[in-house]
Amino acid sequence: MIFSKNRIVFMLQPWKWPEYILWKLCKPIPSGLVCVNFIFQRIFGINREYPFPVNFTSRVNGDIKIGSDVWISLAVSGGCYIQGGNGVEIGDGTLFGPGVKIISANHSLENYGEWDKAQPIKIGKNVWIGANVVILPGVQIGDGAVIGAGAVVTKSISDGSIAVGNPAREIKRKLA
């Protein structure tokens, strides 16, 4: 077989084909991380109910809907927690750093075993969420927004905005 990699054409020995195919399938994620994530998710059963890869140090539960290419951030970013009790929708191309917490429901004050009803969290397309951001119930983040590291998002953020702080506030809008 002949493949082109970095404009260099080379001949692969037949015993290298599986390695090359794995490299092509896992191109955005290091192959070692793919293997560890697979073992934890499919063999040990952590986050098994989700059809997309999840980092072995992250936890996901509830009703989660993700757009295209979001799985890459879920597979690479460790220490994330996504709780979809009231639902979480993440748009296409959204990136997030390690330690992000997305919490769509609070516990009821009368019965800690139940969640209060709230609107689902909706994150738009091509949003960049920095490390250790916390997104709380009912928040909507517009397309193309940037959430700075360590922000606590308690209110909705409009399209193309840059938000930072605790609580997060919009500091400026990106140029279109």
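This is a predicted model: local features need pLDDT of at least 70, side-chain atom pairs count only at pLDDT 80 or more; totals for chains, interfaces and linings use all residues.
Residues are numbered from 1 along each chain as its sequence is written, and side-chain values use heavy atoms, with hydrogens and water left out.

Aspartate 69 is found in the loop between strand 3 and helix 3, where helices (H or I, at least four residues) and strands (E, at least two) are DSSP runs numbered from the N terminus. Although aspartate 69 is not a glycine, its phi is positive, at about 70 degrees. Asparagine 47, also not a glycine, has a positive phi of about 65 degrees; asparagine 47 lies in the loop between helix 2 and strand 3 and is buried, with a relative accessible area of 6%.

**Overall composition**

The protein chain contains 3 helices and 14 strands, and 38% of its 176 residues count as buried. Its accessible surface, computed by the Shrake-Rupley method with a 1.4 Å probe, where for residues only the protein chains shown count as cover, comes to about 10,300 Å², of which 60% belongs to carbon and sulfur atoms. Among contacts (heavy atoms within 4.5 Å) between residues at least 6 apart in sequence, 23% join residues at least 24 apart.

**The largest nonpolar core**

In soluble globular proteins, nonpolar side chains tend to be buried together. A nonpolar core is here a set of buried Ala, Val, Leu, Ile, Met, Phe, Trp, Tyr and Cys residues joined through side-chain atoms within 4.5 Å. The largest such core has 29 residues, of which Ile82, Ile102, Ile123, Ile129, Ile135, Ile141 and Ile147 touch the most other members. Two or more residues each come from strand 3 (59–66), helix 3 (70–76), strand 4 (81–90) and strand 7 (121–123), and strand 4 gives the most, with 3 residues.

When residues up to four places away in sequence are not counted, isoleucine 102 touches Tyr81, Ile82, Gln83, Val88, Ile90, Ile121, Ile123 and Ile135.

**Helix 2 and the cysteines**

Phenylalanine 38 lies in helix 2 (residues 31–43) and is partly exposed, with a relative accessible area of 48%. Valine 36 is also placed in helix 2 and, at 30% relative accessibility, counts as partly exposed; its C-alpha atom is separated by 8.5 Å from that of asparagine 55, 19 residues apart along the chain.

The structure holds 0 disulfides, a disulfide being a pair of cysteine sulfur atoms within 2.5 Å. Cysteine 35 counts as partly exposed at 39% relative accessibility, whereas cysteine 80 is buried at 5%.

Serine 161 lies in strand 13 (residues 161–164) and counts as buried, with 0% relative accessibility. Leaving aside neighbours within four places in sequence, serine 161 is in contact with Ala145, Val146, Glu170, Lys172 and Arg173.

Note on methods
Buried means under 20% relative accessible area, exposed over 50%, partly exposed in between (1.4 Å probe, protein chains only).
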